[in-house]
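Thanks for coming, everyone. Please look at the screen while I walk you through one protein.

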Amino acid sequence: MTDTAQQQTPSVFRREWARLRADFWDLGMLSWIPVLLCGILWLIFSAGIARDLPIAVIDKDNSTLSRQLTRWLDACPGIQVHEQVQASDQALQLLRERTVFGYLVIPDDFEKQLLGGRQATVQWLYNAQFSSHAGALSRDVRTVTTTLSAGIEMTARAKQGVSTIQAAAQFEPVRTQLNSLYNENISYEAFLTLALMPSMLQIFIVIAVVTAIGRELRDGTVPLWLASAKGSWLRAVAAKLVFPLITYSALALLYLLFFSLVRDWAVAGSLVGLLLSMLLLVLAYCGLALLLIAATLSLRLSLSGAAFITAPAFAFAGQAFPLLAMPPLARGWAEALPLTHYLQLQTSYWLAGAPWSYGLKEMLILAAFAIVCGAVGLLLLSRRANAPAAWGRT
């Protein structure tokens, strides 16, 4: 190429910026689309704690104590007594319709048994297909019934001349003190949203990088791309990575500022460790995307591979199901995903108050993902992508 032609060729970074500005959707992938989707995701879980989950009650006793139990259930923040029915068939119909998620059966001798100093059993039936609903409702139903039971027992002992303190000690001689160390309110905003947003971010990172490089291969513009980088594959690839790296790092910082300052989920541990972890996550997925497109030399196959790797990554990350309880094959796949290591770092630094040194191993793993995948991807691309046979693939 002559000196005049080189002077007329725009630099690779200007060329990439011009390409982004000319494509509404590519620019959107680096700006408003992830912000919009993350905003929708936050809106879903912004309530934090599930409230007023509907249940049904079958009150066969219709006594003062059974009605009191029903009122206490309805007064519990997590429960709404949606309907009182007469038979189990009606309650099961409501359960199948998902109008309610469980029902409580109060026996016909409920008050008689309690006032006679005998045990009365209420039956709680629920739909365990919805584990979150079932867990929250079962916990609240157990709390209400235990509170009512304790009140009746202490009242009976007080009538026998036992002091309130003695009655409480006799009723519960061994007491378990439960202390929640992290996420004290069991908020789904902290449990799910803080983990799902990085899970969504990694999808965007891989798609953006794969698309940027894959289109050059598909359209056969690799010579122009390489010429704008003065023949340097390192400079050419850097131009493709720099805008995703900057924008997604900024989005990760925005995500941190929003939840720590606006939503009051302050970083309890090392802020430096968390920021470095976020940067390493972006770098790791940039490297992984580069390796994908370099290995396949096909935009279509790379996007399919990106979907296969990133879309189900959250299910393997140990947030919804314990990592230690997974079968060896599933756990091996989980350990091969950068997201798994990042979410462990985020949980430790953001909620558990860990110092930066606690996550050194996971940081090194993320750095290894970025360096190894990036280096191998760059090597493969430089050796394979400049041949005409690699161009024009879909």
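The protein has 17 helices and 4 strands. Helices here are DSSP runs of H or I with at least four residues, strands are runs of E with at least two, and both are numbered from the N terminus. A word on the model: it is predicted, so local features need pLDDT of at least 70 and side-chain atom pairs count only at pLDDT 80 or more, while totals for chains, interfaces and linings use all residues. Residues are numbered from 1 along each chain as its sequence is written, and side-chain values use heavy atoms, with hydrogens and water left out.

How much of the protein is buried? Of its 394 residues, 42% are. Buried means under 20% relative accessible area; exposed means over 50%; partly exposed is in between, with a 1.4 Å probe and protein chains only. Now contacts, meaning heavy atoms within 4.5 Å. Take the contacts between residues at least 6 apart in sequence: 74% of them join residues at least 24 apart.

Let's start with aspartate 59. Find it in strand E1, residues 53–59. Aspartate 59 is buried, yet it has no salt bridge. A salt bridge needs a side-chain nitrogen of Lys or Arg within 4 Å of a carboxyl oxygen of Asp or Glu. On charge, Lys and Arg count as positive, Asp and Glu as negative, and His and the chain ends are not counted. The nearest side chain of opposite charge is arginine 67, 6.0 Å away.

So what does the side chain of aspartate 59 reach? It reaches the backbone nitrogen of asparagine 62, at 2.8 Å. A polar atom of that side chain also lies 3.1 Å from the backbone nitrogen of aspartate 61. Leave aside neighbours within four places in sequence, and aspartate 59 is in contact with Ser66, Arg67, Gln84, Val85 and Ile106.

Next, phenylalanine 110. This residue is in helix H7, residues 110–115. Phenylalanine 110 counts as buried because its relative accessible area is 4%. Along the chain, phenylalanine 110 and asparagine 62 are 48 residues apart; in space, their C-alpha atoms are 9.0 Å apart. Beyond neighbours within four places in sequence, the contacts of phenylalanine 110 include Asp61, Leu65 and Ser66. Ala120, Val122 and Leu148 are also among them.

Now the salt bridges. By our rule there are 10. Arginine 19 pairs with aspartate 26, with the closest N and O atoms 2.7 Å apart. Arginine 19 counts as partly exposed because its relative accessibility is 22%. Aspartate 26, at 11%, counts as buried.

Aspartate 26 has another salt bridge, to arginine 215, at 2.5 Å from N to O. This pair links distant parts of the chain: aspartate 26 sits in helix H3, residues 24–29, and arginine 215 in helix H10, 189 residues apart. Arginine 215 is partly exposed, at 23% relative accessible area.

Which residues are linked in a network of salt bridges? They are Arg15, Glu16, Arg19, Asp23, Asp26, Arg215, Glu216 and Lys240.

One more pair. Aspartate 219 forms a salt bridge with arginine 218, the closest N and O atoms being 3.1 Å apart. Aspartate 219 is partly exposed, at 47%. Arginine 218 is partly exposed too, at 34%.

On to alanine 289, in helix H13. Alanine 289 is buried, with a relative accessible area of 0%. Leaving aside neighbours within four places in sequence, its contacts are Val206, Val209 and Val210. Alanine 289 and isoleucine 203 are 86 residues apart along the chain, and their C-alpha atoms are separated by 10.0 Å.

Last stop, helix H14, residues 299–310. H14 has 12 residues and reaches 16 Å from first C-alpha to last. That is close to the expected 16 Å; the expected span is 1.5 Å times one less than the number of residues. Which residues of H14 are buried? Leu299, Ser302, Gly305, Ala306, Ile309 and Thr310. They lie on the same side of H14 because they cover an arc of only 125° around the axis. The arc is that of the directions from the helix axis to the C-beta atoms. In general, an α-helix has 3.6 residues a turn, so residues three or four places apart point the same way. What covers the buried residues of H14? The cover includes helix H10 (188–219), helix H13 (271–296) and helix H15 (328–335).

Note on methods: Polar contact = N/O pair within 3.5 Å; in protein donor to acceptor, adjacent residues only side chain to side chain.
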